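The exercises below ask the reader to look at a structure and to work through it step by step. Please keep the sequence and the model in view while reading each solution.

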Amino acid sequence: MGVSSDVSGLLAKFSATPLQAVGGSIAFLSSVISVFEFLTGAGGPGSRTAQHDGFFSVFPARILLFLFIAASLGWTVALVGGWLTTRLREGQLVAAHIFTVFGAVFMVACIDWIFALDRDKGGFVLLFIAIFGVSFAIFLAKTNFKLMLESDEAIVAARSGLLLSFSATAALLVVVLQIMQVLP
Amino acid sequence: MTANREAALARLSLSAAAIDLLVITLIVKAIHRLIPEIPVLYGEFLFWSAVPAAWIVHLFVVEILAGGWSIGRLCLGLQVADAVTGEPLGKLQRIGRFASILSTFGLRSLSARKLASHHTSSSVSYTSNLSGVLQVRGLGRQDRQSSKSATPKALVIKVLSGPHANQTVKLATGRTFSRDGYFNVGRDRTWADLVLDADDQVSGNHCRIRVQSGRIWVADWGSNGGGSTNGTYIGARRLKPVDFTQIDPGTHMRVGNTKFVLHNVR
């Protein structure tokens with residue numbers, strides 16, 4: 001019981017779906033590195049990053065990268081959220097919500113970073129990408145929760161709350177960013 | 001209808017609304033792009049009036065033209081349907097919902113615990129495929145009280161027809177379930193709790209039943225969870241493999257040539 005059994009439970013989930021777990025982990029880690037670069041200024045104006053040259057200077061390639069990040073984020077948020085909501089302990093629920101909100105902030109930061117070159121096309125591109133990315137991540141998170149085959153309605157309600165945290169945080173951040181663009 | 005199920009659907013509904021908020025923002029952006037003179041000519045008030053206009057346009061498209069489907073609801077597998085037939089809503093129902101949401105400015109939908117009345121009216125059901133099927137149907141006060149008092153003490157599974165007709169197994173609210181809280185039905189003696197080995201249309205691992213918090217769930221199974229050969233039926237509806245569907249006590253089910261039913265016992 002306790003932490004060790006929780007960790008072994010998470011490892012069991014990973015071993016049950018190894019391909020998804022490996023793919024998700026690689027994408028998640030690579031996107032963490034990208035956002036770390038962004039947050040530390042390495043991805044700021046004037047600096048050369050993956051979005052300015054090479055493969056990701058092409059718009060469809062940036063879309064592909066973002067879809068990969070959105071998919072891994074949605075799947076990882078559901079995987080960790082599902083694990084933390086298995087027992088409905090209050091502390092774990094709070095941790096699940098914090099992780100989910102962080103995931104949503106992370107996704108919006110990714111949109112801002114990956115599509116920095118497309119800002120001059122107006123807000124439309126970023127908004128389209130945001131709708132598509134958030135929808136895709138939420139769809140995958142819901143699919144992951146569905147595959148857990150949970151029949152306890154209290155747990156399903158808690159997981160629905162996580163989906164709400166994710167979509168509401170991402171949507172509010174995107175809307176605030178849009179309003180900041182419109183206002184002088 | 002339990003509070004948890006209603007809370008789950010309310011949260012999913014709000015989550016869908018958050019995604020739809022992005023679509024509304026896109027419509028606002030489109031209005032400003034199409035009529036760029038608005039802020040210059042009419043000032044800030046009309047500039048912001050594009051927001052409610054976009055919301056009404058979106059609501060009209062979703063509730064009336066698209067029959068309750070929006071991008072958010074599609075992603076979350078949320079479906080609005082006629083409570084009696086399970087079919088998509090009729091024109092009058094759709095117009096009624098539109099008017100109801102519009103008249104309250106959508107504010108009644110902003111609860112994470114309770115669904116708004118336009119989601120649970122007597123003629124509309126709200127369904128999600130998260131965890132099998134979560135369904136909320138309109139219930140009056142009397143129905144709510146009778147639903148509370150109808151918590152089963154135990155369940156009995158009774159075979160109605162087929163080679164094993166009249167066989168009965170008593171289940172004590174899930175505690176007697178032999179494997180992981182599931183009650184298994186099939187021909188395989190090493191797997192099934194209700195063994196139907198005389199019915200050659202039944203698969204070895206045919207279907208699974210789960211009872212939790214007084215609710216009954218059933219899913220078609222098969223070897224490796226890929227679905228049984230001949231399917232599990234509720235009425236004429238064939239269940240999807242490994243997709244738990246909630247059923248009420250007294251619902252007749254069919255596997256192969258065998259029909260059975262689950263009853264409450266007090």
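A crossing of two helices is left-handed if the near helix is turned anticlockwise from the far one by less than a right angle, and right-handed if clockwise. This is a predicted model, in which local features need pLDDT of at least 70 and side-chain atom pairs count only at pLDDT 80 or more, while totals for chains, interfaces and linings use all residues. Residues are numbered from 1 along each chain as its sequence is written, and chains are lettered from A and ligands numbered from 1 in the order in which they are written.

**Exercise 1.** Describe how H3(B) and H5(B) cross.

Step one is to find the elements, given that helices (H or I, at least four residues) and strands (E, at least two) are DSSP runs numbered from the N terminus. The axes of H3(B), residues 50–65, and H5(B), residues 91–103, come within 8 Å and cross at roughly 150°, where axes are lines fitted to C-alpha atoms, for helices over the stretch in contact, and angles run from 0 to 180 degrees between N-to-C directions. Because angles over 145 degrees count as roughly antiparallel (under 35 roughly parallel, 65 to 115 roughly perpendicular, the rest oblique), H3(B) and H5(B) are roughly antiparallel to each other. The handedness of their crossing is right-handed.

Step two is to name the residues that meet, two residues being in contact if their C-beta atoms, placed from the backbone, lie within 7 Å. On H3(B) these include Leu59(B) and Phe60(B), and on H5(B) they include Ile95(B) and Phe98(B).

**Exercise 2.** Find which residues touch the most other members of the largest nonpolar core.

A nonpolar core is a set of buried Ala, Val, Leu, Ile, Met, Phe, Trp, Tyr and Cys residues joined through C-beta atoms within 7 Å; buried means 20 or more other C-beta atoms within 10 Å, exposed 12 or fewer, and partly exposed in between. Helix H1 of chain B, residues 3–34, supplies the largest share, 15 residues. Beyond four places in sequence, Val134(A) has contacts that include Met107(A), Ile19(B) and Leu22(B).

**Exercise 3.** Is Asp152(A) buried or partly exposed?

Asp152(A) sits in the loop between helix H5 (123–147) and helix H6 (153–182) of chain A. With 17 C-beta neighbours inside 10 Å, Asp152(A) therefore counts as partly exposed.
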